[in-house]
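This report covers the nonpolar core, the sheet and the chain contact of the structure shown here.

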Amino acid sequence: MTEPLLRVRDLKTYFVTERGSGTARAVDGVSFDLYPGETLGLVGESGCGKTVTSLSILRLIPEPPGHIRAGSVIEFDGRNLLALAAPDLRAIRGNQIAMIFQEPMTSLNPVFTVGDQIAEAAVIHQRLARKAARARAIEMLTLVGIPDPEERVDHYPHQLSGGMRQRVMIAMALVCGPKVLIADEPTTALDVTIQAQILELLDRLQQELGMAVLLITHDLGVVAGQADRVVVMYAGQVVETAPTAALFDRPLHPYTEGLMAAVPRIDAPRSRLVAIPGQVPAATAWPSGCRFHPRCPYAWAKCTLEEPPLLDDGSTGHAARCWLLQEPARRTRA
Amino acid sequence: MTLPTWLALLVALALAGAAARAVRRRFFRHPTATWGVGILAFFAIVAVAAPLVAPFDPREQLDIIRLKNQPPSWTYMLGTDVYSRDLWSRVVFGARVSLVVGGLGTLVAVTLGATVGAVAGYYRRWADAVLMRGVDVGLALPRIFVLLMAIALWDRLSLPVLVLTIGLTSWFGTSRLVRAEVLSLRERDFVAAARALGAGPARVILRHVLPNAAAPIIVSATLGIGNVLLLEAGLSFLGIGVAPPTASWGSMIADGAPTLATAPWTTLFPGLAIALVVMALNAVGDGLRDALDPRREDT
């Protein structure tokens, strides 16, 4: 197998909350690999640590209150990003690893034209001159499928629709031809038809440019359509990782199972939507043992006491953090 | 008037002129702003062309016996003052001093205030603590007291020193304003996005944070020029500003104040000049604030 492009090992990003009410362990020992050219889906509900994980990769966590614990490793092309000096890190941001943010409405600077902003990374990393930068911006606008690029290049963000702004964000991220693109909920703020267009665009660009994409989302439909492999996160940890087909075929972790059951199906008679009971616990006080046990339909005594490791199920690359893998007979609802 | 001060003024004008075309178009859509620019341009031209516009030497006492405190007439357009000097000539030459002191003093103050505010607000932590405690000290010290100390040290202030002292003592408020603005801007998504693109702190502050704080900075600058004009007037009034017989609007008001009841024109016209410039600056500040915000285009 090829070497991973991005290797995350035991990433721990903690936030010290104010007035000393405890440490929020937002990301608590996350490990995964991203291989060249693949799309890795990072799934989980709000507050499970997806966004913090992605921000940690670029070291954009506000410090204080946040910090990445010693012992965490984020290796890109063989270099530990967590040990890089600020200028070396800036040389990677936007150039080798780029990021698309969740909110196209607020992630663009309102006082500069979109052309200026698209070319910004190229100006920073390739020292492009004014004219060349403008030409590059027009080229990128064409690439992301915005009509009339020559005219749009001089428009301000408020003159564009949400979908166009997201295209601009993508153009901004791709201008230097990064090897890794982190897309943090790139379609959440858009309506459904625009979502599909943006995802198609990402797909096409990934094929054209051959980059690896870390797709962060809470939308299983998006994952099913886009990702090659999936990492499911819950409570700051990876609870299951599998190739996309295997995950949807046979979810191993009860949490993943619950997520799948909660998706309305078009091919089944209409019934009440299934929900996972309870709520995500607070990051300052994760439950003992398995963090999912208070909400798990199968939980037994062992789950409340001992935290399961990621257990392999024998097939390639499908693993889950659940004791059921050792005692499959217990997978029956009481 | 020394060469460096003129150069600095020219640079400031060139910077203003380099503003984008769109900004200019939006600016001149503002009716009062156009008037403001007209008034400022009038005073600027008059100041630059002072020797051509002024019929008399502003320092010359024409006839201390017969021409003292003459009301406006055809020969002496705005009348004469208590020393029989031609008021129009003095207003014209006074514009040079007052506008340069006001403009450059504010330029120094706003530059310093914006820099300190941006650094404190962006880096926070100890930089913020140290700088803002310094600003507290600066705000607590009465400015007149600082200026009096400067006088005690240098006897009479030369114009550059006057400009610097005024500039260095009037940036505290601006820095507070800018810091507050930067504190909220630094948390915005587009700042995170810029950092994710590999922009360093200098680039983030200069391109992404400060331009978005332009509105309060400009408003504080335009109001600041008015304040500095009045401060210069006050200092000259106290006799510690511009050295007589050099004319400045403030010193003219000071000279005319004792005869306010009998010869009101000696104070009226320099006072009118100050009021006009301050009002024009406010209108220009308003127009600039709107023009620099691209979102105003559609409305």
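## Nonpolar core

The largest nonpolar core holds 165 residues. A nonpolar core is a set of buried Ala, Val, Leu, Ile, Met, Phe, Trp, Tyr and Cys residues joined through C-beta atoms within 7 Å; a residue is buried if 20 or more other C-beta atoms lie within 10 Å of its own, with C-beta atoms placed from the backbone. Those with the most contacts inside this core are A:I118, A:A171, A:V175, A:V180, A:L214 and B:V209. Helix α5 (residues 87–123) of chain B gives the most to the core, with 17 residues. Helices (H or I, at least four residues) and strands (E, at least two) are DSSP runs, numbered from the N terminus.

Leaving out residues up to four places away in sequence, A:V175 touches A:I118, A:A119, A:A121, A:A122, A:R136 and A:M140. Contact requires C-beta atoms, placed from the backbone, within 7 Å.

## Model and numbering

This is a predicted model, in which local features need pLDDT of at least 70 and side-chain atom pairs count only at pLDDT 80 or more, while totals for chains, interfaces and linings use all residues. Residues are numbered from 1 along each chain as its sequence is written, and chains are lettered from A and ligands numbered from 1 in the order in which they are written.

## Sheet in chain A

An open sheet of eight strands in chain A has the order β7-β8-β9-β3-β10-β11-β13-β12, with mixed pairing. Strands pair if DSSP finds at least two bridges between them. At the edges, β7 (97–100) and β12 (311–312) of chain A each pair on one side only.

β7(A) runs parallel to β8 (residues 180–184) of chain A, joined by four bridges. A:M99 has A:I182 in β8(A) as its bridge partner.

## Contact between chains

Chain A puts 23 residues into the contact and chain B 16 residues. On the side of chain A that touches chain B, α3(A) gives the most, with four residues.

Technical notes: Contact = placed C-beta atoms within 7 Å. Buried ≥ 20, exposed ≤ 12 C-beta atoms within 10 Å, placed from the backbone.
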